[in-house]
Amino acid sequence: MKTFVCIKYVPDTSEAEVKVNPDGVTVDSSRFSFDINDADNYAVEESVLIKEDKGGEVTVVSIGPKQSDVMIRMAMAKGCDKALRVEDERIADHDPLMVARVLAGAIKGQEFDLVFTGCWADDDGHMSTGVALAEYLGVNHASMVKKVEILDGKVKAHRELEGGLMEVVELELPAVLTIQTGINEPRYAPIRGIRQAQKKELNVAGLDDLGIDPAEVGSDASQVIVENLYIPEVESTAEFIEGEPEEKAEKLASILVKGGLV
Amino acid sequence: MSTESQTFTEKYDLLGCIQCGRCTGGCPVTVRADLNVRQFVNDAYDEEKLDELARLAEIWDCTACHTCAVRCPKGLKPLEVLIGLRSMIVESGKVEPTVRDALQSVLLEGNPWEKARATRSDWMEGLDVKIAEPGVAVENLFFVCCTNAYDPRVQTTVKNLVKLLNKTGIDYAFFPDDESCCGSEVFTLGEEGLFEMLVEDNTEYLNEFTAERMVTISPHCFTTYRTHYPDLKNPVIHYTQLIDELIAEGKLAWKGELSKKIVYHDPCYLGKQGGIFDEPRRILKSIPGVELVEFERRRERSLCCEGGGGKMWVESESKKERLADTRIKDAKALGAEIVAVACPFCVLTLEDAMKNLGYEEEMRVAEIMELLGEIVDL
Ligand code: SF4
Ligand code: SF4
């Protein structure tokens with residue numbers, strides 16, 4: 001099995017307050033901690049589990065800054081074999097389609113059986129990169145995958161659907177799978193492993209090195225324009241309806257009618 | 001494999017063990033878990049068995065209270081055998097997700113609580129805190145500790161301490177927010193590589209500052225710096241030692257009385273491991289109105305609250321009564337209205353037990369600094 005796993009370095013916005021920069025279109029990330037995107041961490045684990053079971057090679061691909069090297073080294077400490085980090089200011093990285101094009105450009109031309117991505121990114125939450133990547137690579141895909149079984153020349157993917165349904169699909173390889181969290185239990189990357197992973201190959205490349213035309217992945221090519229970011233107003237009008245069930249129902253109905261909601 | 005296990009036997013001096021049983025006889029968790037530390041000291045000698053031993057769930061029940069080490073007549077540290085076995089699991093990466101996240105957070109953010117490094121000094125907001133600068137000598141240099149810095153429940157300890165220091169006018173400063181975890185729990189969780197890295201990096205960082213003494217607030221930092229950091233240039237003390245001095249010098253003015261029955265719980269890392277038993281008691285006794293009572297199990301024999309040994313991140317499988325519950329029941333039997341402690345982990349575990357038992361109305365768990373904040377004129 002030759003696998004690529006695409007991972008993203010994202011801020012943890014759950015602890016520090018989210019503040020929009022004065023430009024109105026970016027977020028002040030100076031007080032956030034950064035780490036591998038949660039779903040991508042499961043994708044790394046799945047790729048390593050498959051390698052441990054079937055043999056082969058896993059390559060990490062990531063678009064991100066130098067600081068994200070620690071995340072890549074951790075993935076290599078867990079068992080990934082080599083890595084490519086793409087860094088280029090010209091990439092319109094707020095647009096999942098442009099991101100997918102860059103990832104496709106980095107993978108294309110190389111032999112592969114599987115490409116894993118997380119099913120969504122914790123920062124922008126588009127859930128589109130993996131699927132678009134399959135399109136650009138011209139291969140099959142399955143999204144929200146909760147279980148993977150490798151068959152002869154095929155992969156059986158269990159997809160988590162709305163309402164808790166599971167759909168089982170068989171795909172011809174090569175294929176892209178977007179991995180849902182909970183598929184496995186990501187392991188810890190011990191520091192000694194991270195140190196040893198320093199010896200593994202981590203290449204850094206720009207668009208020119210990869211032969212990707214900047215005009216095709218930059219803001220001019222993107223159809224997504226961020227016009228304005230704002231923190232939603234917290235509305236604090238909550239009304240507790242008191243009384244017997246019948247009274248409550250009547251009061252509620254009249255509120256809904258008055259508010260034009262029914 | 002054989003060279004590795006040779007190291008194991010040598011590293012923990014397993015041949016020195018005479019199987020006297022003093023360790024197991026004092027181990028507090030034996031009442032609620034299957035842990036038999038003497039058996040581990042015995043069995044770990046067999047190199048073939050190491051992998052099997054490392055897979056036993058009970059190696060994670062040890063709270064690193066150090067009772068076994070204190071009692072061992074041969075000067076062994078039986079608990080470190082368990083830590084060595086934990087290391088084998090850590091190196092394989094197959095640890096509990098909570099342990100994984102705590103360790104990774106120490107590496108990436110310098111604290112085990114998965115908080116951003118950039119927010120480490122947020123607790124200082126609204127306070128006039130003096131910040132240390134490398135090379136500028138200060139008398140008392142404070143190391144805040146990750147738990148005191150980030151956990152809102154125990155931040156009162158450090159906030160009150162700052163107010164008290166400002167009031168007394170003594171020369172002090174806190175480390176800036178690039179201070180990192182001391183690694184106490186990294187060590188006991190068995191992440192040897194990360195702990196070695198912390199010792200190296202922290203020694204270099206802490207030695208950039210010049211002080212008559214470095215004052216720790218958590219007993220875990222206190223003991224870890226004193227035991228595992230041989231090259232620190234500034235002597236390390238615990239804050240209760242400083243407060244005890246200030247009281248003796250008459251530097252604190254009381255603003256009233258605290259007419260309460262208080263029992264003091266010796267934290268394992270301050271008492272058994274740090275040898276600090278009297279200072280906290282003297283502080284409490286000096287508070288006007290306080291009646292200090294004592295647990296039957298006190299000082300070196302103090303019952304562990306199960307907050308150490310990485311247990312903040314490892315859930316015990318045992319459904320038997322937690323030691324913290326036992327401790328709180330003992331306090332209740334003594335008629336204590338306040339259980340006073342001097343450790344952030346003890347505050348969290350004992351308070352949790354007190355709430356679980358439904359004693360909130362009649363009892364409280366408080367850090368000594370919390371009480372001083374209420375009774376000293378600040
Ligand atoms: S107390 Fe020390 S010598 Fe005695 S059994 Fe335990 S480890 Fe061995
Ligand atoms: S450190 Fe405490 S809990 Fe751990 S084995 Fe020793 S006595 Fe038991």
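I started at Val224(A), which sits in the loop between helix H7 (214–217) and helix H8 (245–258) of chain A. Helices here are DSSP runs of H or I with at least four residues, strands are runs of E with at least two, and both are numbered from the N terminus. This is a predicted model, where local features need pLDDT of at least 70, side-chain atom pairs count only at pLDDT 80 or more, and totals for chains, interfaces and linings use all residues. Residues are numbered from 1 along each chain as its sequence is written, chains are lettered from A and ligands numbered from 1 in the order in which they are written, and side-chain values use heavy atoms, with hydrogens and water left out.

Val224(A) comes out partly exposed, at a relative accessible area of 33%. My cut-offs: buried is under 20% relative accessible area, exposed is over 50%, partly exposed is in between (1.4 Å probe, protein chains only). Together with Val27(A), Val226(A) and Leu229(A), Val224(A) makes a nonpolar surface patch of about 240 Å² accessible area. Patch members have over 30% relative accessible area and no salt bridge; nonpolar side chains (Val, Leu, Ile, Met, Phe, Trp, Tyr) are joined within 5 Å, like charges within 9 Å. The areas are Shrake-Rupley values with a 1.4 Å probe, and for residues only the protein chains shown count as cover.

I also checked Leu252(A), which is in helix H8 of chain A. Leu252(A) is partly exposed at 40%, and its C-alpha lies 9.9 Å from that of Phe240(A), 12 residues apart along the chain.

**Salt bridges**

The whole-structure search gave me 42 salt bridges over all chains (a side-chain nitrogen of Lys or Arg within 4 Å of a carboxyl oxygen of Asp or Glu). Glu45(A) and Arg187(A) form one of them, at 2.9 Å from N to O. That pair links distant parts of the chain, 142 residues apart: Glu45(A) is in helix H1 (residues 38–54) of chain A, Arg187(A) in the loop between strand E12 (175–179) and helix H5 (191–197) of chain A. Both Glu45(A) and Arg187(A) are buried.

In chain B I looked at Lys355(B) and Glu351(B), a salt bridge of 3.8 Å, N to O. Both lie in helix H16 (residues 344–356) of chain B, 4 residues apart, about one turn of the helix. Lys355(B) is partly exposed at 42%, while Glu351(B) is buried at 14%.

**Rings**

I found 15 aromatic pairs over all chains. Rings of Phe, Tyr and Trp (its six-membered ring) pair if their centres lie within 6.5 Å; planes under 30 degrees apart are stacked, over 60 edge-to-face, the rest tilted. Phe4(A) and Phe112(A) are edge-to-face, 6.3 Å centre to centre with 85 degrees between the planes, and both are buried. Phe175(B) and Tyr205(B) are tilted, at 5.8 Å and 40 degrees.

**Sheet in chain B**

Last, I traced an open sheet of 4 strands, in the order E6-E5-E7-E8 (chain B), with parallel pairing. Strands count as paired if DSSP finds at least two bridges between them. Strand E5 (residues 261–264) and strand E7 (residues 338–341) of chain B share 3 bridges, with Tyr264(B) opposite Ala340(B) in E7(B).
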